[in-house]
Amino acid sequence: MKSKLIQILPCFLILCFQFLISCKTDDSPFITREEESVELNKKYDKIISMTEVECTDSSSWGFTAIGINSCGETKKYIPYPLGIDTTSFKSLISLYNAAEIRFIKKWNIADCDTLSSVKQPTGVVCTEGRAQLVYE
């Protein structure tokens, strides 16, 4: 009996360890707010890295909303080059926005400020090789 227990115990411990590892998801209680925030920032940085291209012709640039506050309003707009894979780019933004909404709900974040709504830009200009949004 004791030898069977010794044989089964390592397998049981391995299964328990795998279970604990597999439970760590975005909605897991085991992930901290800070860890989840870091993951959200990584998604944002990946999106921004796709826009870091020299701007020489403003007609080859567009802009899009990114980020959502607790009221469901846009947090900001970013310029992006139209020459990138815009389908993948906008898909990443949709995934980021969905992750941000989950983050806001999970951690009960109230970042809604009705006095500071974000104005939508009217276009993009190139200034010293950088794309900048234009507001009227």
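Predicted model: local features only at pLDDT ≥ 70, side-chain atom pairs only at ≥ 80, totals over all residues.

Colleague: How many helices and strands does the protein chain have?

Modeller: Three helices and four strands. Along the sequence, the order is α-α-β-β-α-β-β.

Colleague: And what share of the protein chain is buried?

Modeller: Of the 136 residues, 26% are buried. Now look at contacts between residues at least 6 apart in sequence: 59% of these join residues at least 24 apart.

Colleague: Next, helix packing. What describes two packed helices?

Modeller: Two things: the angle between the axes and the distance between the axes. Here, take α2, residues 33–49, and α3, residues 86–106. Their axes are 10 Å apart, and the packing angle is about 160°. Angles over 145 degrees count as roughly antiparallel, so α2 is roughly antiparallel to α3.

Colleague: Is the crossing of α2 and α3 left-handed or right-handed?

Modeller: Left-handed.

Colleague: Which residues make the contact between α2 and α3?

Modeller: α2 supplies Arg-33, Glu-36, Ser-37, Leu-40, Lys-43, Tyr-44, Lys-46 and Ile-47. From α3 come Phe-89, Leu-92, Ile-93, Tyr-96, Ala-99, Glu-100, Phe-103 and Lys-106. Sorted by class, this contact has nine nonpolar, six charged and one polar residue.

Colleague: Which parts does the pair of Cys-55 and Cys-126 tie together?

Modeller: Cys-55 sits in the loop between α2 and β1, while Cys-126 belongs to strand β3, so the pair ties together parts 71 residues apart in sequence.

Colleague: Is Cys-55 buried or exposed?

Modeller: The cut-off for buried is under 20% relative accessible area. Cys-55 has 4% relative accessibility, so it counts as buried. Cys-126, at 27%, counts as partly exposed.

Colleague: What else is in contact with Cys-126, beyond its neighbours within four places in sequence?

Modeller: Besides Cys-55, Cys-126 is in contact with Thr-56, Asp-57 and Ser-58. Take Ser-58: its C-alpha is 5.6 Å from that of Cys-126, yet the two residues are 68 apart in sequence.

Colleague: Let's turn to the loops. Where does Thr-51 lie?

Modeller: Thr-51 is in the loop between α2 and β1. Its relative accessible area is 12%, so Thr-51 is buried.

Colleague: Which residues does Thr-51 touch, leaving out those up to four places away in sequence?

Modeller: Trp-61, Ile-78, Pro-79, Tyr-80, Pro-81 and Phe-89.

Colleague: One more loop residue, Asn-69. Where is its place?

Modeller: In the loop between β1 and β2. Asn-69 has 9% relative accessibility and therefore counts as buried. Not counting residues up to four places away in sequence, Asn-69 touches Lys-75, Ile-104, Asp-111 and Cys-112.

Methods. Residues numbered from 1 in each chain as written. Heavy atoms only, no water. Axes fitted to C-alpha atoms, helices over the stretch in contact; angles between N-to-C directions. Helix = DSSP H or I, 4+ residues; strand = E, 2+ residues; numbered from the N terminus. Parallel < 35°, antiparallel > 145°, perpendicular 65-115°, else oblique. Left-handed = near helix turned anticlockwise from the far one by under 90°. Contact = heavy atoms within 4.5 Å. Nonpolar A, V, L, I, M, F, W, Y, C, P; charged D, E, K, R; others polar. Buried < 20%, exposed > 50% of the residue type's maximum accessible area, 1.4 Å probe, protein only.
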